[in-house]
Amino acid sequence: MGAGLRRIVMVAAVVGCALAVAAAPPLALPPGAQDAAARIDRPTLEAPIRVLASDLLEGRAPTHRGDEMAEVYLAGMLEFLGLKPGAAGGQWQQRFEIVGVDSHTPEGWTFEAGGKRLVLRRGEEFIAASGWQRPEAAIRDAELVFVGYGIQAPEFGWDDYKGADVSGKVLVMMNDDPDWDPALFGGTRRTYYGRWTYKYESAARRGAVGAIVIHTTPSAAYPWAVVQNSWGGEQFDLPHEREGTLAVRAWTTEDASRRLVALGGFELDALVKQARSREFRPVPLGVRTSLVIPNAISRGETGNVLGVLPGSDPALKDEVVVLSAHHDHLGVGKPDARGDTIYNGAVDNASGDAQVLAIARAFAALPHPPRRTVMFAFVSGEESNLLGSEYLATHPPVPIERLVADVNFDAGNIFGRTKDVAITGKGKSTLDDVLVAAAALQGRVVTDEPFPEHGSYYRSDQFSFARVGVPGLYFRSGVDYLGRPPGWGREVQNAWLRAHYHQPSDELTPDWNFDGLIEDAQLGFYAALAVADADRAPAWNAGDEFARLRKPAAR
Ligand SMILES: [Zn+2]
C-alpha cells in the first residue's frame with residue numbers, strides 16, 4: 001500500500017472512533033465485548049512477563065526446572081481466571097517426552113567418483129546432523145542423486161521426482177521453491193515447499209537415507225553462519241513414532257556443492273537450469289559416499305498448558321478456537337558481554353504468553369461465553385522446531401477436525417501503538433478478513449508481512465496447526481508507529497533484533513511501551529471472539545498449499 005492511501009486511512013481513524021460505533025460496525029461483536037476488552041491493560045500484561053522472564057525461571061528451557069515452573073504458573077493463572085482444564089483427563093498440563101540428539105559429526109566427509117575423492121570440511125563447507133535417535137546414524141556407500149528442488153506439489157502440477165526410486169540414496173537438492181512465476185508457489189513468497197523441513201521430510205518418505213540441501217544466502221534468506229549456529233549442538237525432537245527418517249540431514253555451501261557435483265562430471269549451474277523446469281527428472285550424480293555419526297542421546301519431559309472456556313451453543317460448542325503462545329525459551333547458556341547467562345525471553349515469548357493470558361481474562365469477563373469453545377494453549381519447544389505445538393496438533397485433546405482456527409502470539413511489540421498490522425502468511429485463509437474487520441474497529445489497516453520471502457509463517461506455532469489442516473493466523477504490529485516519523489519503526493525493530501534477539505538481554509526493562517502489546521491483544525481478542533461466534537468456521541483460501549489437508553467436519 002502506498003503512503004498516500006495510508007494517510008487517508010489514518011485520518012478516517014482519527015475522526016472515526018465514534019463513527020465506528022455509531023455506523024454499522026464492520027465486525028459484529030456481542031454485548032459486553034468492549035468492556036471485556038478493557039480488562040486487557042498494562043498490569044495484566046506486565047505481571048506475567050515479570051514472573052516468566054524472571055531469572056528464577058532460568059530461561060524456561062524445555063525439560064528444565066524453569067520450564068516446569070512456567071507451566072505450573074500458567075496453569076495456575078488459567079485456573080484463577082475460572083477456566084477449565086483443557087488437556088486429556090481433566091489436566092491443565094499436556095506432558096510429553098522429547099529426545100535430545102547430540103551429533104558428533106566427523107571433521108571430514110568423503111565423496112568418491114571413479115577413483116577421485118573430495119573431502120568436505122565440517123563447519124566451513126558442510127553441516128550434518130543425525131536424523132536418527134540412536135547411538136549411531138550411518139550412510140554406507142550410498143549414491144548421490146540430484147533432485148532439483150525436491151518438491152512434489154500436485155496443486156502446482158510440479159513433481160521433481162517423477163516416480164524415480166530414490167530409496168537408499170543421498171538426495172542433493174536446492175533450497176527454496178520456484179520463484180520466477182507469481183502463479184507458481186506464490187512467486188517470491190516462500191511456501192512450505194521451500195523450507196528445508198519439507199525437503200528432509202519428503203526425502204525420508206521416499207526412503208532416502210540422507211539429504212543435502214545446497215545453501216545460498218538468497219535461497220535461504222540467511223547467511224551460512226546461521227546454518228552453522230542452528231545445527232551445532234544438541235537437537236531436540238519428539239520421539240520418532242515410526243522408522244524411516246533420514247539418517248543424515250545435511251547442508252553444503254554453494255562452493256562445496258559446485259565441487260561435489262563436479263566430482264561426478266556435472267556443472268552446478270547447468271543442473272540448476274534443468275531444475276527450473278516442470279520437465280526436470282532426477283539426475284544420478286555418479287558420486288558415492290559413506291558417513292557415520294556417533295550420537296549422544298538424552299530424554300526428558302516438557303509440556304503444553306491448556307485451558308478452555310466452554311462454548312455456549314449446543315451445536316457449535318464442540319468446535320474449538322485456539323489461541324496459542326509458546327512458553328519455552330533458550331535456558332541458561334553462553335554468557336554475553338555483561339556476563340549474563342540467563343536467556344530470559346521476555347519479548348520472546350513471555351510477551352505472547354501475557355497477551356494470551358490477558359485475552360483469556362477478557363473472554364472470562366464476557367457476560368455470555370461465545371458459541372464455540374475457546375482454548376488457551378501455552379506450548380513448549382517452539383525454539384526447538386515447534387515441538388510443543390506439533391505435539392498438540394498431532395495429539396489434540398479433541399478430534400483435529402473440531403479445531404477451527406489457531407491465532408498465535410509470538411514476540412509482541414514493545415515500542416508503542418502502530419497504525420498498521422502485518423499478517424504473516426497473508427492470503428492463506430478467511431481469517432485475514434476477520435482480522436481486517438477487527439483492525440478496522442481500532443482504526444488500523446492490515447498489511448502484508450515486510451519480508452514474505454523469509455517464510456516466517458513456517459517458523460512459529462501456527463504452522464504446526466496448518467500442517468494438520470487447521471487455519472492459523474499470526475499477526476504482529478506493523479512498522480508505522482503513532483507519532484513517529486517514517487522509518488522509525490523499522491529502525492527500532494531492527495536495532496532490537498541485533499541487540500537482544502535470542503540473547504540474555506531480552507529482559508523486561510523500564511523503557512518498554514505496553515500500548516502496542518495491549519492494542520494487539522485486544523485485536524486478537526476481537527478476532528478470536530468473532531471466529532468463535534461466527535456461523536461458519538474459517539477456511540483456507542482455494543488452492544492454498546494447506547487446503548487439501550483440512551479434515552472435513554464430522555457434522
Ligand atoms: Zn525465539
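Colleague: Is Glu 545 buried or exposed?

Modeller: The model is a predicted one. Glu 545 has a relative accessible area of 6%, so it counts as buried.

Colleague: Which side chain does Glu 545 meet in a salt bridge?

Modeller: In general, side chains of opposite charge can pair when their charged atoms come close. Here Glu 545 pairs with Lys 428, at 2.7 Å from N to O.

Colleague: Where do Glu 143 and Lys 169 lie?

Modeller: These two side chains form a salt bridge with an N to O distance of 3.0 Å. Glu 143 is in strand β6 (residues 136-146), while Lys 169 is in the loop between β8 (158-159) and β9 (170-174); the pair links distant parts of the chain, 26 residues apart. Glu 143 counts as buried because its relative accessibility is 19%, under the 20% cut-off. Lys 169, at 22%, is partly exposed.

Colleague: How far apart are the closest N and O atoms of Arg 122 and Glu 107?

Modeller: They are 3.2 Å apart, and the two residues form a salt bridge. Arg 122 sits in the loop between β4 (116-121) and β5 (126-130), and Glu 107 in the loop between β2 (93-103) and β3 (108-113), so parts 15 residues apart in sequence are tied together. Arg 122 is partly exposed at 35% relative accessibility, whereas Glu 107 is exposed at 55%.

Colleague: How many salt bridges does the count come to?

Modeller: The count is 32 salt bridges.

Colleague: Now the helices. How are two packed helices described?

Modeller: By the angle between their axes and the distance between the axes. For helix α3 (residues 42-52) and helix α10 (residues 346-364), the axes come within 8 Å and cross at roughly 135 degrees. That angle makes α3 oblique to α10, since over 145 degrees would be needed for roughly antiparallel. The crossing is right-handed.

Colleague: Which residues meet in the contact of α3 with α10?

Modeller: From α3 they are Thr 44, Leu 45, Pro 48, Ile 49 and Leu 52. The residues they meet in α10 include Ala 350, Ala 354, Leu 357 and Arg 361. By class, the contact has nine nonpolar, three polar and two charged residues.

Terms used: Residues are numbered from 1 along each chain as its sequence is written. This is a predicted model: local features need pLDDT of at least 70, side-chain atom pairs count only at pLDDT 80 or more; totals for chains, interfaces and linings use all residues. Side-chain values use heavy atoms; hydrogens and water are left out. A salt bridge is a side-chain nitrogen of Lys or Arg within 4 Å of a carboxyl oxygen of Asp or Glu. Helices (H or I, at least four residues) and strands (E, at least two) are DSSP runs, numbered from the N terminus. Buried means under 20% relative accessible area, exposed over 50%, partly exposed in between (1.4 Å probe, protein chains only). Axes are lines fitted to C-alpha atoms, for helices over the stretch in contact, and angles run from 0 to 180 degrees between N-to-C directions. Angles under 35 degrees count as roughly parallel, over 145 as roughly antiparallel, 65 to 115 as roughly perpendicular and the rest as oblique. A crossing is left-handed if the near helix is turned anticlockwise from the far one by less than a right angle, and right-handed if clockwise. Contact means heavy atoms within 4.5 Å. Ala, Val, Leu, Ile, Met, Phe, Trp, Tyr, Cys and Pro count as nonpolar, Asp, Glu, Lys and Arg as charged, and the others, Gly among them, as polar.
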